[in-house]
Amino acid sequence: MDIYRENIIEHYKNPLNHHPMEDATLVDEDLNPLCGDRIKIWVKLDGSTETVESMTFQGNGCAISQATTSMLTEVVPGMSIDEVESISQEDIRELVGVSLSPVRLKCALLGIKVVQAALLKYRANQIKNGE
Amino acid sequence: MNIISDDDAMNQQILVEKIREDFPIFKQKVRNNLDLVYLDNAATTQKPRQVIESLTDYYTHWNSNVHRGIHYLSEVASDMYEKAHQDVGKLIGASMEEIIFTKNTTEGLNLVARGLEQKLKPGDEIVLSRMEHHSNLVPFQIIAKRTGAKLKFIETSNSQLLDIHSAEKVITDNTKLVSVPHMSNVLGSINPMEQISEIAHEHNSLFMIDGAQSVPHIPINVKTLNPDFLAFSGHKMLAPMGIGTLYGKASVLEEFEPLLYGGDMIRSVSYESATWNDLPWKFEAGTPNVGGGIAFGTAVNYLLDLDMHRVRRIEHDLTNYLIKRMKETDYVKIFGPEDINHRGGVVSFNIFNKDGMLIHPHDVSTLLDEKGIAIRAGHHCAQPLIESLHTPATNRISFYIYNTFQEIDYTLEVLENIHTMFS
């Protein structure tokens, strides 16, 4: 049962930064229709430096999706928008630290997918507003 | 102790061992040299060698197109293909004319939805249930939007079956079609089809049964259930994928316009117009899945030889045992009817850690899979129903004729380990 190494179960049972954020810059959510995993994220940006100040999440779903997103809330703050957008599948695999079948990889990728989608919309708005 | 029933149980175990011999897939190992424990039969069943051989026999010896070649192979293939329609008809008490081969249940349900669309007007009603698989819901959402017809739903009773009182209220003289599942793929409920059939017909409505989960598992006769349509899939009853049946009452099919036009479904064609072929060919346009159809016939004969009452008995005993064992624990929640006589071989459940926290079904099924056990987890293509159960998803064990009590014991052992691991 090595795919459920203790830290995944620990993150699942006691997720970090697991609450809404009132002064968030970005709010977004998505679901993995296969599992019914749902993730909603709140991200606070520092507009002048284009970096992530903090991130929180809520959701329900499998241990993999929730634990990975919990881990992300520790990793993402301090990163620049560009850095967050360049987080790859491989990076997530490394973060989780266990082998995942293609189906379960989708669970692990849900959190970062929501964050990156929110940042993309933020960028699109910047362009639209002529910044 | 009842000696007769013990003997009977013993005979049944011997029979199941014999049945397993027919399924090549159980001779191979999965993952790290583990025995395959296949408990995802509501999704699709395994295939016996007889069916696999029937498919290869067709392609090896008889491959040719049907109903058109004036040559030996085509004649034999046509006969075999027609005989398969007869065999499938025999299973449900229908004649060959009433058996339309489709791709699967979904196609059958869609064919009826689209055929009905041509007759619907605003104010007409289509009655479904709260237990629908997406395939008996979405097609009707679409045609309701297009025609202005209204969708109505039969509620579920406290005993987790379709509620007859609700059916009596919901079905009216404006109802043009009642389409409901005989057996729920999530709850396992075996619904009261005869009563709903009667209510529908009292109001001159058409009545369709989604038989995807019932035809493979319980004895069915269209003469007693009296549906106008009954859709089911071959692959959920030993046959290959890509072949299924839409049964239609002959008098109703005569009135229905074909939905696909082309070869094989016509009688004569001029540049300006065409007339339609006899039933069932009027609804089977183009070259059909001949090999799949023939293998479907073989699968049905396998089940008829076994006897559908025996099939039901095997699954009933397995389900009874599984539920009894699950109820002995304090961390399993079972969904669906309490009364085992109204439940097919489908058991949806959730498991919890010692603090009562849900262990997500996908984690459960991944961990079972590591031990060679295949079950389903998720919303089972029935999202609205799953939401009404107030759970994000369920695990589902579903049986067929080759499953054993030992497989249940082994699965419960692994479930116990998962419970401990998350606690």
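How are α12(B) and α14(B) oriented to each other? Before turning to the viewer, note that this is a predicted model, in which local features need pLDDT of at least 70 and side-chain atom pairs count only at pLDDT 80 or more, while totals for chains, interfaces and linings use all residues. Residues are numbered from 1 along each chain as its sequence is written, chains are lettered from A and ligands numbered from 1 in the order in which they are written, and side-chain values use heavy atoms, with hydrogens and water left out.

**Stop one: α12 and α14 of chain B**

Select residues 361-369 and 405-422 of chain B, helices α12 and α14, whose axes lie 10 Å apart at an angle of about 125°; helices here are DSSP runs (H or I, at least four residues) and strands likewise (E, at least two), numbered from the N terminus. Axes are lines fitted to C-alpha atoms, for helices over the stretch in contact, and angles run from 0 to 180 degrees between N-to-C directions. The two helices are therefore oblique to each other, given that angles under 35 degrees count as roughly parallel, over 145 as roughly antiparallel, 65 to 115 as roughly perpendicular and the rest as oblique.

Now show the side chains of B:Asp363, B:Val364, B:Leu367 and B:Leu368 on α12(B), which meet α14(B) residues including B:Thr411, B:Val414 and B:Phe422, contact meaning heavy atoms within 4.5 Å. Staying on α12(B), colour by burial: eight of its nine residues are buried, so this helix is largely enclosed by the rest of the structure, where buried means under 20% relative accessible area, exposed over 50% and partly exposed in between (1.4 Å probe, protein chains only). Among the buried residues are B:Pro361 and B:His362.

**Stop two: α7 of chain B**

Select residues 193-202 of chain B, helix α7, in which B:Met193, B:Ile196, B:Ser197, B:Ile199 and B:Ala200 are buried. They cover an arc of only 165° around the axis, which puts them on the same side of α7(B), the arc being that of the directions from the helix axis to the C-beta atoms. The elements that the buried residues pack against include β6 (150-154) and α6 (164-170) of chain B.

**Stop three: α4 and α5 of chain A**

Finally, select residues 89-96 and 102-128 of chain A, helices α4 and α5, whose axes come within 10 Å and cross at roughly 105°. That makes α4(A) roughly perpendicular to α5(A).
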